[in-house]
Amino acid sequence: MKRGESLEPIPTDLIIEIFSRSPTKSVARFRSLSKQWSSILSRSHFTELFLTRSWTRPRLLFAVQRSNVWLFYLSPQPQNPYDHKSSSLILAADFHIKFHRYNMWMDTSSISRSSCSYASGLVCFSGMWISLEDDCPVPVICNPNTGQYATLPKIRTYGSTSYSFLGFDPVYKQFKVMSIAYRPRHERVDHRILTLGGNMRWRKINCRLYHVPLYQDICINGVVCFDVRSEIFKFIDAAEFYRDWYIEFINYKGKLGVISWKFGKPGTTELRLWVLEDVEKHEWSKYVYILPKNAPIDSKNVNVAGVTTTGEIVLWIRYASKRFYVFYFNPERSIYQSVEIQGFGESYEKSNGHIVCVFVDHVEDLNVSDGKLF
């Protein structure tokens with residue numbers, strides 16, 4: 001280019017092509033450079049293309065609890081981990097973002113899977129105290145892609161045990177949080193619902209039967225036992241598996257699935273899978289699989305991260321250490337593969353491994369990251 005000549009403007013199609021393959025944080029940064037770029041990168045066509053491209057590279061999301069700090073890591077999600085000849089595949093988890101606010105704290109003695117739930121790209125912390133003087137915790141919604149968060153209004157639930165559950169309605173693109181507070185001795189349950197975005201407030205909803213919520217929640221197409229769109233409760237017959245002591249809910253190819261374990265002789269683990277085939281008729285299919293003897297699974301520490309879109313059940317051990325593993329199991333092929341995840345070293349203490357929550361098929365969605373919800 002000769003001196004004095006002006007640079008040619010970058011074609012809009014090229015801008016869209018480049019940034020549809022970029023991280024969310026890069027898109028947000030370049031939106032602030034000019035009104036023109038902000039307009040281009042905010043178009044619905046671009047946000048849909050960005051989401052489509054993100055689905056081609058789903059990742060594992062790790063939420064690591066360290067005292068009152070949550071660290072988010074991302075690693076590639078292997079599409080076919082069984083093609084490797086070695087007994088263990090090694091992947092690197094890159095530090096993504098830290099969620100920590102000095103005026104918030106959690107009771108770390110009671111942190112469990114229910115403390116950190118996930119739906120369509122957002123993470124819900126079931127209860128945080130805004131200050132040490134507060135008399136009750138509040139739910140906090142965090143976007144692990146950007147670090148944005150929303151502190152939800154307080155609900156006075158004196159003498160009650162409360163749980164918060166995050167759901168997503170894919171039709172109207174709405175996130176909703178349901179709060180259930182109950183008093184076991186009085187058999188009283190208080191149900192409230194809140195829609196993220198705008199003027200957030202809790203609304204009471206009715207449920208005709210007394211029930212106690214489980215510690216785990218799952219959202220499948222907006223409908224499980226509570227329809228996120230219509231805000232109506234549905235009760236599913238659990239006679240097929242309710243006798244099992246340890247169960248976990250999963251999204252199995254768009255259907256509600258339940259996993260339980262049976263531990264027999266040393267080195268023998270039986271994985272039981274129930275799939276809800278018909279919601280209205282309460283029809284379940286049951287499958288039984290025997291895990292390989294080298295699978296380090298036990299009833300106290302094993303957790304189910306979820307099921308990938310390709311059908312792999314992803315397992316993990318609750319407490320992290322310098323050697324952290326996830327385990328892939330393909331039930332249709334009865335193939336098992338352990339995957340070592342490296343990168344958690346800085347959040348490890350010799351005296352006590354930190355709790356890790358693992359979520360599968362994490363993608364970056366600009367509709368979630370645009371800040372309208374926060």
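Predicted model: local features only at pLDDT ≥ 70, side-chain atom pairs only at ≥ 80, totals over all residues.

Q: Which residues line the largest cavity?
A: Pro 58, Gln 77, Pro 78, Gln 79, Thr 308, Thr 309, Thr 310, Glu 312, Tyr 328 and Asp 361 do. The space in that cavity is about 50 Å³, where a volume is the space filled by probe spheres set on grid points joined across faces, edges and corners. By this rule there are two cavities of 30 Å³ or more.

Q: What is the phi of Asp 361?
A: Most residues other than glycine have a negative phi. Asp 361 isn't a glycine, yet has a positive phi of about 55°. Asp 361 sits in strand β23 (residues 356–362); strands are DSSP runs of E, at least two residues, and helices runs of H or I, at least four, numbered from the N terminus.

Q: Is Asp 361 buried or exposed?
A: Buried means under 20% relative accessible area, exposed over 50%, and partly exposed in between (1.4 Å probe, protein chains only). Asp 361 is at 12%, so it counts as buried. His 282, in the loop between β17 and β18, also has a positive phi, near 60°, but is partly exposed at 30%.

Q: In what order do the strands of the open sheet run?
A: Strands of a sheet pair through backbone hydrogen bonds, either parallel or antiparallel. Here the order is β15-β16-β17-β18, with antiparallel pairing; two strands pair if DSSP finds at least two bridges between them. β15 (247–252) and β18 (283–291) are at the edges with a single partner strand each, so one side of each has no neighbour in the sheet. β17 (residues 269–278) and β18 share nine bridges, and Leu 276 has Trp 284 in β18 as its bridge partner.

Q: What is the mean pLDDT of the protein chain?
A: pLDDT is the predictor's confidence in each residue, from 0 to 100. The chain's mean is 77, and 73% of its residues reach 70 or more. Over residues 107–112 the pLDDT is below 50.

Notes
Residues numbered from 1 in each chain as written. Heavy atoms only, no water. Contact = heavy atoms within 4.5 Å. 1 Å grid on protein atoms, 1.4 Å probe; cavity = no way out; pocket = protein on both sides within 12 Å on 5 of 7 lines; lining within 4 Å.
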